[in-house]
Amino acid sequence: MHDHIFIIDFGSQYTQLIARRIRELNIYCEIHPYNRIPDLQKDTKGIILSGSPYSVHEEHSPRIPLESLYNRVPVLGICYGAQLIAETFSGTVARASKREYGKAIMHSVAENNRLFNQVSASSQVWMSHADSVASLPPAFEVIARTDSIPIAGFQNSNGQFPNPVFGIQFHPEVTHSVEGKQILKNFALDICGCQPTWTPDSFAESTIRQLQTTLADDHVILGLSGGVDSTVAGMLIHHAIGKQLICLFIDNGLLRKHEYEEVLESYRDMGLNVIGVPAQEAFLTPLVGVSDPEQKRKIIGETFIRVFEKEARKLSDTLPEGVSIQWFAQGTIYPDVIESISVHGPSATIKSHHNVGGLPEKMHLKIVEPLKFLFKDEVRRVGKALKITDKILDRHPFPGPGLAIRILGDVTAEKVRILQEADAIFIDQLRKHQLYHETWQAGVMLLPVQSVGVMGDERTYENVVALRAVTSLDGMTADWANLPYDFLAEVSNAIINNIKGINRVVYDISSKPPATIEWE
């Protein structure tokens with residue numbers, strides 16, 4: 001085990017950013033909901049309390065037994081977490097006349113404070129709160145203020161607590177807090193004493209050992225998609241159990257143009273034991289007439305499982321007597337889990353993912369997900385540690401349900417064909433103009449509208465497609481990519497002139513939030 005930090009989630013939109021910043025320090029951390037805090041382990045070195053959309057004055061605001069935490073390890077409260085600390089120990093929290101949101105200048109008022117070591121005496125921070133700490137409890141002292149609030153940071157004093165307890169009103173985890181990462185570093189390394197040993201290499205080594213213990217002599221089926229996540233998951237399991245891993249690459253009829261053939265060849269070149277399974281009809285048939293995006297995901301998720309179960313039974317007949325396939329492996333990553341089922345606290349569910357929220361209730365195979373607590377950029381770093389080629393690692397993410405959720409409305413084979421052609425042109429042009437690696441994800445959406453156009457001397461009434469390209473670190477937040485106008489014009493002309501059935505191209509300039517990257 002590595003030294004680690006527990007992050008207690010009270011529902012803040014920034015909770016995942018806290019985890020990212022801590023992990024960037026090569027320190028492992030886990031997010032746990034306030035109402036399901038696990039027992040602290042010997043390697044748990046500190047606790048961070050997140051912000052929250054709640055006020056401590058609300059009747060049903062989230063609460064935890066703070067005494068059980070600070071008696072064991074140092075505690076840092078952020079925003080709501082700080083207010084909860086203050087109120088718990090008989091301080092006062094006051095409702096502000098208006099919400100303070102945006103940049104502020106924090107002034108340190110305590111000399112040689114460990115939390116602000118190597119932080120400027122006046123530093124830009126990011127505020128997002130409606131309540132403020134009005135007065136401190138006994139045995140606490142102010143360590144920072146802003147021009148708007150006199151208590152922007154505080155800590156326990158006089159040695160009355162067994163461990164340091166800090167509260168800060170601002171959010172150090174967001175990039176607008178210019179020296180926020182240094183503050184989190186001071187807490188995790190200097191105050192909690194964590195050793196920065198959680199690296200891609202160490203993750204790979206420890207995960208392989210855990211997989212060897214968990215899987216033992218069992219056989220595993222892995223669903224490869226051609227993307228980064230399933231590939232890295234596959235290589236981890238391959239290193240753990242070798243030929244006991246059987247990889248299936250399913251052609252669900254919803255892949256990109258020529259992707260099935262190209263990816264299948266790539267995996268075989270990597271030495272993986274991979275079997276191609278044509279299953280277009282099994283997926284497309286139950287999607288006929290289905291327009292609701294959540295229903296699409298559920299159908300695709302269940303079909304994936306049923307196809308895998310069927311293949312597992314067929315493969316079991318080829319295994320030695322007494323040996324069977326018992327596990328189904330997936331490349332599920334942290335954002336999938338967070339967005340699908342809100343496992344970490346009261347955050348709102350955004351959408352279900354085919355390999356998380358879309359799973360059928362009755363499973364015939366056990367699930368193994370070696371990447372489910374990693375962010376996308378962390379998955380890529382682990383892939384590099386495993387020496388997976390950049391050709392695979394640098395591929396854009398592609399949704400598990402495939403083009404079904406890029407076709408708004410019902411799915412037909414003809415719509416899939418049109419979208420495959422348009423997507424191929426867009427991606428090829430991004431590569432040609434050396435913009436592919438400047439974007440984190442890109443694709444084309446087929447909209448459920450038609451528009452009037454003129455081609456030659458003829459009137460047309462055909463489909464509209466939307467180009468979507470974003471920049472991001474991990475998919476949790478994303479900005480629309482500012483692609484050159486000349487490039488967009490070239491892509492639009494190529495799509496309209498080469499694909500019968502499309503006469504209009506638009507570009508999506510929405511960021512996440514408030515939009516999501518995919519349209520469904």
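**Exercises on helix packing in a predicted model**

Helix H8 (residues 280-287) and helix H9 (residues 293-316) pack at an angle of about 150 degrees, and their axes lie 10 Å apart. The model is predicted, so that local features need pLDDT of at least 70 and side-chain atom pairs count only at pLDDT 80 or more, while totals for chains, interfaces and linings use all residues. Residues are numbered from 1 along each chain as its sequence is written, and side-chain values use heavy atoms, with hydrogens and water left out.

**Exercise 1.** Find how H8 and H9 are oriented to each other, and which residues make their contact.

*Solution.* Start with the angle, which runs from 0 to 180 degrees between N-to-C directions, the axes being lines fitted to C-alpha atoms over the stretch in contact. Angles over 145 degrees count as roughly antiparallel, and H8 and H9 are therefore roughly antiparallel to each other. Next, the contact (heavy atoms within 4.5 Å) is made by Ala282, Phe283, Pro286 and Leu287 of H8 and by Lys296, Ile299, Ile300, Thr303, Phe304 and Val307 of H9. These residues divide into 8 nonpolar, 1 polar and 1 charged.

**Exercise 2.** Describe how helix H13 packs with helix H14.

*Solution.* H13 (residues 413-432) and H14 (residues 485-498) pack at an angle of about 145 degrees, with 10 Å between their axes. Among the residues in contact are Phe426 of H13 and Val491 of H14.

**Exercise 3.** Decide whether Ser90 is buried or exposed.

*Solution.* Ser90 lies in the loop between helix H3 (80-88) and strand S5 (92-108). Exposed means over 50% relative accessible area and buried under 20%, so Ser90, at 60% relative accessibility, counts as exposed.

Note on methods: Helices (H or I, at least four residues) and strands (E, at least two) are DSSP runs, numbered from the N terminus. Buried means under 20% relative accessible area, exposed over 50%, partly exposed in between (1.4 Å probe, protein chains only). Angles under 35 degrees count as roughly parallel, over 145 as roughly antiparallel, 65 to 115 as roughly perpendicular and the rest as oblique. Ala, Val, Leu, Ile, Met, Phe, Trp, Tyr, Cys and Pro count as nonpolar, Asp, Glu, Lys and Arg as charged, and the others, Gly among them, as polar.
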